[in-house]
Amino acid sequence: MEQSVTDNTAKSRFEIHDDGELAGFAEYHRSGNEIAFIHTEIDPRFEGRGLGSRLARAALDAAREQQLAILPYCPFIRGWITKHPEYADLVPSTHRARFGL
């Protein structure tokens, strides 16, 4: 199965596709040099295959490449960063306590 993650800027979300079918997305709001993740969803038909983790990693890697600060309002993205502390530096130090990081 081929999986890909793309940034659908028209819908303000990163999307993950599995064999060409939309499997999930991570919605965001971008302002200046910040990107606030607000909601992540994986279609129940695709759950349990690690797609959420792949989506989170790709979205955060893209933010790092663009030198964007992350505001993880979305519980899934926030939890993923907690499990992968090497991404915590993307959250501004002044906001980490607010997000429990």
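So, Glu27 first: its bridge partner is His39, over in E4. Keep in mind that this is a predicted model. E3 and E4 run antiparallel, with 8 bridges joining them. They make a hairpin with 2 residues between the strands, and in that turn Gly32 has a positive phi of about 60 degrees.

On to the other hairpin. E2 and E3 are also paired antiparallel, over 6 bridges, and Phe14 stands opposite Ala26 in E3. Again there are 2 residues between the strands, and here Asp19 takes a positive phi, near 50 degrees.

Is Glu15 buried or exposed? Its relative accessible area is 8%, under the 20% cut-off, so it counts as buried.

Leu55 brings us to helix H1, where it's one of the buried residues, along with Leu51, Gly52, Ala56, Ala59, Leu60, Ala62 and Ala63. Looking down the axis of H1, the buried residues fall within an arc of 160 degrees, so they line one face of the helix. What does that buried set pack against? Strands E1, E2, E3, E4 and E5, plus helix H2.

Quick geometry check on H1: it has 15 residues, 51-65, and at 1.5 Å a residue it should span 21 Å; the end C-alpha atoms are 21 Å apart, which agrees. And just after H1, Gln67 takes a positive phi of about 55 degrees.

Definitions and conventions: Residues numbered from 1 in each chain as written. Predicted model: local features only at pLDDT ≥ 70, side-chain atom pairs only at ≥ 80, totals over all residues. Heavy atoms only, no water. Helix = DSSP H or I, 4+ residues; strand = E, 2+ residues; numbered from the N terminus. Expected span 1.5 Å × (residues − 1). Buried < 20%, exposed > 50% of the residue type's maximum accessible area, 1.4 Å probe, protein only. Arc of directions from axis to C-beta. Contact = heavy atoms within 4.5 Å. Pairing = 2+ DSSP bridges.
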